[in-house]
Every structure is written in structure tokens, then in C-alpha cells.
Amino acid sequence: MNFWVLLQGFGLGATMIIPIGAQNAYVLNQGIKRNHHLTTATVCSLLDTTFISLGIFGGGAILSQNDMLLTMVTLGGILFLMGYGMLSLRSAFKQPASRESRGEVLARGKRTVILGALAVTVLNPHLYLDSVVILGSIGGQFEGSDRIAFAIGTILASFVWFYSLSIGAAKLGPTLSKPKVKKGIDLTVAVMMFAIAAMLARGLIA
């Protein structure tokens, strides 16, 4: 296996995954609440594995060559990100007294957490643009074992990042869950969601 190609995949995968997005915001929030946060990281990583593999091994070329489908995915991504941004703004200005207690959070159970992780991944068209189109188009340039090495590198980046984010948020939970800090996080997430949506819209217009 070509470890240089694997490292290239890891580095590029990290640049796609680390910037704040719907997945990262969800993993971060579950980590702060310590609500099945490792399950959340696992689900998001496995879903990323599926979409990255799909893109690198043929799906990216199919999507990128279909202008109408790509436009629909982009429009869906803009709407999704705007909606998630509005939810983050709403959370930022929610009264501290109305925030859920840890007991109420855990009462929702693992199933709800898994469904939430599925929603912010599968229903987020922006993921298709990053994982399937961009990583797929780059990974598709490699042949044979190099393509496999590139895929493994990008997938490793996903696992490393989501577990690091989840565990780090859980350890810093008492600090990050303070009202002022949590409000700052929610506002940052909202701004990032709106900014990404604006970039997608500008690209669509261009």
C-alpha cells in the first residue's frame, strides 16, 4: 500500500470534514451533553465511510456529470444549511431555564441520537458535494491499490476527527455547557451554516 497516497487522502479528508458543518455541530452538541456521544461519532463515521467509498469508486463521476442532479443537490444543501442555521440561532437565544436537563437528554435514548445522526448526514446535500463529488473526483484519478489507499486515508480522517471531537466535547462538557459558552457555540454554528449556504448559492449563480 502506498502510504504517501494514504496520507494525501487523510489530509484532504480532514480539510473536508473538520470545518464546522451540520455533522460536526451535532457531534459537538451530543458530546457536550454526554448523550451517547460515542455512538454519534460511530454512526457519522460509518456514514462518511459509505459516501466517501461511493464517491471514490464511481458515484462522484456520475453525480458531477449530471448538471440537473448536481443543481438539485446544491439547492437542497442551501435549504438544509439555512434551516440548520436558524435552529442554531433559536438555540442560542433560548432561555437557560428552558434548556434540557441531563436526565431529559438521556431519556430520549440511543435510538433518537442515531436517528439524529442519520438526519444530519443523509438529509444534508452539502455532504454529497464534499464526500461524493469533490473527494470522489480526486480519488477517482488514482488507479488500483492507490485508489484504495486514498479511500482508506479519507475514511481514517473521518473516524479520527469525529471521535476526537466527541471525546473532547464530553471532557470539556462542564465548561462548554455554560450558558454564555453554549450561546457562543450556537451563534458560531449559525454563522458558519449561513456562510456555507451563501458560498453554495454564489457557486450556483456563477
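In the predicted model, Ala22, Ala25, Leu28, Asn29 and Ile32 of helix 2 are in contact (heavy atoms within 4.5 Å) with Lys182, Ile185, Asp186, Val189 and Met193 of helix 10, helices being DSSP runs of H or I with at least four residues, numbered from the N terminus. The residues of this contact comprise 7 nonpolar, 1 polar and 2 charged, where Ala, Val, Leu, Ile, Met, Phe, Trp, Tyr, Cys and Pro count as nonpolar, Asp, Glu, Lys and Arg as charged, and the others, Gly among them, as polar. The axes of helix 2 and helix 10 lie 10 Å apart at an angle of about 170 degrees, and the two helices are therefore roughly antiparallel (over 145 degrees). Residues are numbered from 1 along each chain as its sequence is written. Because the model is predicted, local features need pLDDT of at least 70 and side-chain atom pairs pLDDT 80 or more, whereas totals for chains, interfaces and linings use all residues, and side-chain values use heavy atoms, without hydrogens and water.

Aromatic pairs, defined by ring centres of Phe, Tyr and Trp (its six-membered ring) within 6.5 Å, number 3. The rings of Phe159 and Tyr163 have centres 6.4 Å apart and planes at 10 degrees, so this pair is stacked (planes under 30 degrees apart). Phe159 and Tyr163 are 4 residues apart in helix 8 (residues 144-171), and are therefore separated by about one helical turn.

The lining of the second largest pocket includes at least two residues from each of helix 1 (3-17), helix 2 (22-33), helix 7 (125-139) and helix 10 (179-205) (a pocket being an open set of points on a 1 Å grid, where a 1.4 Å probe fits, with protein on both sides within 12 Å along at least five of seven lines, and lining residues having an atom within 4 Å of a point). Helix 7 supplies the largest share of this lining, 6 residues.

Note on methods: Axes are lines fitted to C-alpha atoms, for helices over the stretch in contact, and angles run from 0 to 180 degrees between N-to-C directions. Angles under 35 degrees count as roughly parallel, over 145 as roughly antiparallel, 65 to 115 as roughly perpendicular and the rest as oblique. Rings of Phe, Tyr and Trp (its six-membered ring) pair if their centres lie within 6.5 Å; planes under 30 degrees apart count as stacked, over 60 as edge-to-face and the rest as tilted.
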